[in-house]
Amino acid sequence: MLEKKMDETELLEREEDTQKDRFLTFQIGNEVYGIEIKCVTEIIGIQPITEVPELPDYIRGIINLRGKIIPVMDVRLRFKKEGVEYNDRTCVIVVDIGGVSIGLIVDNVSEVLTIPEEEIVAPPDVKSGGNRYIKGIGKVENQVKLLLDCDRLLNEQEIDTLDNT
């Protein structure tokens, strides 16, 4: 029995190793963002969204994903960018934030990249708190990828609000 326990722990560690330094990249306008692959549950096309009253503007509403009700956030609106009409390239990245599944609506999903820790730098220090969602900046060849901090996309109060929808 103890041997089996060790195997499960070892498997979990190996799985975490394969996800280390791996990011799902996606676009919002001209910027390319990355989110740690370990936060991502799945990627789906845009679904019919049911609006829910009294939620913040960037929370577009809820979707029914195989019987599970999931709130969806338009990342463009969360980042105070102009909203756009959804099209066939628009995707929903389902992530787990604080134990709550939430869909992130993005312009399109690019690819999964490995960005080694040594190629990630801290975001510029802006006193106004303008970089609260950015965990780091990944350097990939001659491009930069803005790496999001999954846990900061929503604060505890917002998670509680969505958990009760």
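The side chains of E117 and K20 meet in a salt bridge, with 3.1 Å from N to O; the term covers a side-chain nitrogen of Lys or Arg within 4 Å of a carboxyl oxygen of Asp or Glu. E117 sits in the loop between β8 and β9 and K20 in the loop between α1 (2-19) and β1, so the pair ties together parts that are 97 residues apart in sequence. Helices (H or I, at least four residues) and strands (E, at least two) are DSSP runs here, numbered from the N terminus. This is a predicted model, in which local features need pLDDT of at least 70 and side-chain atom pairs count only at pLDDT 80 or more, while totals for chains, interfaces and linings use all residues. Numbering runs from 1 along each chain as its sequence is written, and side-chain values use heavy atoms, with hydrogens and water left out.

As for cover, E117 counts as exposed at 52% relative accessibility, and K20 as partly exposed at 42%. The cut-offs are under 20% relative accessible area for buried and over 50% for exposed, with partly exposed in between (1.4 Å probe, protein chains only). K20 and E117 also belong to a network of salt bridges that takes in D21. In total, the structure holds nine salt bridges.

Another of these pairs is D107 with R76, whose closest N and O atoms are 2.9 Å apart. D107 lies in the loop between β7 and β8 and R76 in helix α2, so this pair ties together parts that are 31 residues apart in sequence. Both D107 and R76 are buried. Then there is D149 with R152, a salt bridge at 4.0 Å from N to O. Here D149 is buried, with a relative accessible area of 16%, whereas R152 is partly exposed at 47%.

Helix α2 (residues 75-78) also holds R78, which is buried at 6% relative accessibility. A polar atom of the R78 side chain lies 2.9 Å from the backbone oxygen of L153.

Stepping back to the overall fold, the protein has three helices and eleven strands, following the pattern α-β-β-β-β-β-α-β-β-β-β-β-β-α along the sequence. Of the 165 residues, 39% are buried. Taking contact to mean heavy atoms within 4.5 Å, 53% of the contacts between residues at least 6 apart in sequence join residues at least 24 apart.

Six strands form an open sheet of mixed pairing, in the order β8-β1-β2-β11-β10-β9; two strands count as paired if DSSP finds at least two bridges between them. The edges are β8 (108-114) and β9 (120-121), each of which pairs on one side only. β9 runs antiparallel to β10 (residues 134-140) and is joined to that strand by two bridges, with I120 opposite G138 in β10.

Strand β7 (residues 100-106) is mostly covered, with seven of its seven residues buried. V100, I102, L104 and V106 point one way from the strand, and S101, G103 and I105 the other. β7 pairs with β5 in the parallel sense over three bridges and with β6 in the antiparallel sense over seven bridges.

Now for the nonpolar cores, meaning sets of buried Ala, Val, Leu, Ile, Met, Phe, Trp, Tyr and Cys residues joined through side-chain atoms within 4.5 Å. The largest has 26 residues, of which I35, V95 and L153 touch the most other members. β1 (22-28), β2 (31-36), β6 and β7 each supply at least two residues of this core, and the largest share, four residues, comes from β6. Not counting residues up to four places away in sequence, V95 touches I35, C39, V40, T41, V100, S101, I102, L104 and C150.

Two loop residues other than glycine have a positive phi. For R66, phi is near 50 degrees; this residue lies in the loop between β4 (59-65) and β5 (68-74) and is exposed, with a relative accessible area of 66%. For K80, phi is near 60 degrees; K80 is found in the loop between α2 and β6 (91-97) and is exposed at 77%.

Terms used: A polar contact is a pair of N or O atoms within 3.5 Å; within protein, one must be able to donate a hydrogen and the other to accept it, and residues adjacent in sequence count only if both atoms are side-chain atoms.
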